[in-house]
Amino acid sequence: MGSGALAASLAGRPLPVRAAEPDVIVIGAGAAGIAAAKQLQAAGRSAVVFEGRGRLGGRTFTDSSLGPAYDAGAMFIHWAERNPWTEIARELAVATPNESWGGGFQLFQSGKPMPAGDRARRRGAFGEIDRRLDNADLDARDLSVAEVLSDLSPDLAPVAASGMLLSIGEESARISARDYQRLWAGEDYVVPSGYGNLVTRYAEGLDIRLNQPVTAIDWSGSRVAVTTAAGTLRARACIVTVPVGVLKAGAIRFTPDLPARTRDALAGIGMGALTKIALKVEGDRFGIMPGTTYFEAGAAERLISFELFPGDQDIVIGYCGGDFARALSTAGPDAAREQVVDLLAAMIGGEFRKAAGPVSFPAWWVDPFSHGSYSVCLPGHAGARDILAEPVGGKLWLAGEATAGGGAMTAGGATLAGRTAAAAVARLKA
Ligand SMILES: Cc1cc2nc3c(=O)[nH]c(=O)nc-3n(C[C@H](O)[C@H](O)[C@H](O)COP(=O)(O)OP(=O)(O)OC[C@H]3O[C@@H](n4cnc5c(N)ncnc54)[C@H](O)[C@@H]3O)c2cc1C
């Protein structure tokens, strides 16, 4: 894309669909779509990327609407030793230090610091939970995480539930334990200058058309026809990287419909609801060290973990997941702010209310371009990701984090999935 077109596109003006057919159309300019387009470009194939939002990055998004910047979506470069973003960041001279929460971890029970004995028991619980999930024998039958952990003692069960809500973003009964076992582990790095900013930078030089939601894909002919409000563009192949939530919501009409095998796989994958609520804090830090985590273990029905003053900035980030996050997303930013301020005032003291500023609440669950945080295989459906990654009719590839096997749910996995799809497409005869 020429610099004029990029400027127009980034300014949010829809560009007219050009008459010239590209080799490939990519749908979505998140990590997967950008990686796919880069790979195609490197292979000498032309690609047009249609992006529904007015910005790049998808579920990686460095939000600076409150002044201080934080990553509202992906923040950690998980399994960094083999994550493509470690290498990309190095190439772009972007620092990616090892994860550090800096200020430590404080546990509260109904607004009061938790006694040391209870804290130690909870810490021990995480090891026990991991052991059970790693060692569960699921060869004969996939179970939910809740089923695998069903005989935990009553005081440890909430620890397990909260761990799942804040990592997977979903209730334990709706998580396939077999899929969970498959997820890759490793070092976590962070991107202090913003993971979203890094992904956006990586997209430089691609032909990306912003503000162009795709509404229909016709793959009945020899070429794939992709329709946006600006018209219809054809190509030899199409890589679809929109989130599973968008596909399941029927936002894109496929002609003919996706095969039953693909639709069944989609039915076996839900979207979690990991959600961040950012609150500006003005004038006082109450002696709390930057990067401290506050976790209220007593508020099981409204579980939020807080990172205070990350990166030495005047901001607090609340993390929540599952059905509570869904309810909050539906209720909107004012309700989210009230919950966050109430919980923090109980832990820090009533004076916190005076320092509490505006909120930023990118509620992924109600966002029409994501419909959730990331894909979660339902119990009994651990094979769905691999089926979803199978090419459709030799013309259509679904890619993105949901198709990333052990790398699922992450920006790194999305990138690998995008590259895999692009490599297959690049091998096609024109
Ligand atoms: C709160 C939160 C925290 C997270 N934390 C981490 C983390 O720490 N580390 C990590 O690795 N991952 C994390 N993730 C997950 C990570 O962000 C995603 O797995 C990854 O970014 C997905 O990339 P993708 O390209 O598959 O999808 P997306 O980034 O969603 O890209 C798809 C693109 O398609 C676009 N689109 C949707 N519908 C249409 C349409 N009809 N037409 C055209 N375009 C459309 C979307 O706007 C989007 O830009 C987190 C996610 C959330 C929400």
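**Entry 1: the strand S1 and its neighbours**

I began with strand S1 and found that S1 and strand S2 (residues 47-50) pair in the parallel sense over four bridges, where pairing requires that DSSP finds at least two bridges between two strands. The strands and helices I name are DSSP runs, numbered from the N terminus, a helix being H or I over at least four residues and a strand being E over at least two. I note at once that this is a predicted model, in which local features need pLDDT of at least 70 and side-chain atom pairs count only at pLDDT 80 or more, while totals for chains, interfaces and linings use all residues. Residues are numbered from 1 along each chain as its sequence is written, and side-chain values use heavy atoms, with hydrogens and water left out.

**Entry 2**

S9 is joined to S2 by parallel pairing over two bridges, and in S9 the bridge partner of Val49 is Ile208.

Together with S1 and S2, helix H2 (residues 31-42) makes a right-handed β-α-β unit; right-handed means that, with the strands pointing away from the viewer, the path from the first strand over the helix to the second runs clockwise.

**Entry 2: salt bridges**

How many salt bridges does the structure hold? I recorded 21 salt bridges, each defined as a side-chain nitrogen of Lys or Arg within 4 Å of a carboxyl oxygen of Asp or Glu.

The side chains of Asp323 and Arg174 meet in one of them, at 2.8 Å from N to O. Asp323 lies in helix H11 (residues 322-331) and Arg174 in the loop between helix H6 (157-167) and helix H7 (177-182), so this pair ties together parts that are 149 residues apart in sequence. Asp323 is partly exposed at a relative accessible area of 34%, and Arg174 is partly exposed at 32%.

Asp179 and Arg385 form another salt bridge, with their closest N and O atoms 2.9 Å apart. Because Asp179 is in helix H7 and Arg385 in helix H14 (residues 384-388), the pair ties together parts 206 residues apart in sequence. Asp179 counts as buried at 3% relative accessibility, and Arg385 counts as buried at 0%.

I also noted a network of salt bridges that links Glu128, Arg131, Arg132 and Asp151.

At what angle do helix H3 (residues 84-91) and helix H8 (residues 195-202) pack? The angle is about 70°, and their axes are 11 Å apart. That makes H3 roughly perpendicular to H8, since angles under 35 degrees count as roughly parallel, over 145 as roughly antiparallel, 65 to 115 as roughly perpendicular and the rest as oblique. Trp85, Ile88 and Ala89 in H3 meet Tyr195, Leu198, Val199 and Tyr202 in H8, contact meaning heavy atoms within 4.5 Å.

Last, I looked at strand S17 (residues 292-296), where five of the five residues are buried, so the strand is largely enclosed by the rest of the structure. Thr292, Tyr294 and Glu296 point one way from S17, and Thr293 and Phe295 point the other way. Strand S6 (residues 105-109) pairs with S17 in the parallel sense over four bridges, whereas strand S18 (residues 305-308) pairs with S17 in the antiparallel sense over four bridges. Phe105 has Thr293 in S17 as its bridge partner, and Tyr294 stands opposite Phe306 in S18.

How values were computed. Buried means under 20% relative accessible area, exposed over 50%, partly exposed in between (1.4 Å probe, protein chains only). Axes are lines fitted to C-alpha atoms, for helices over the stretch in contact, and angles run from 0 to 180 degrees between N-to-C directions.
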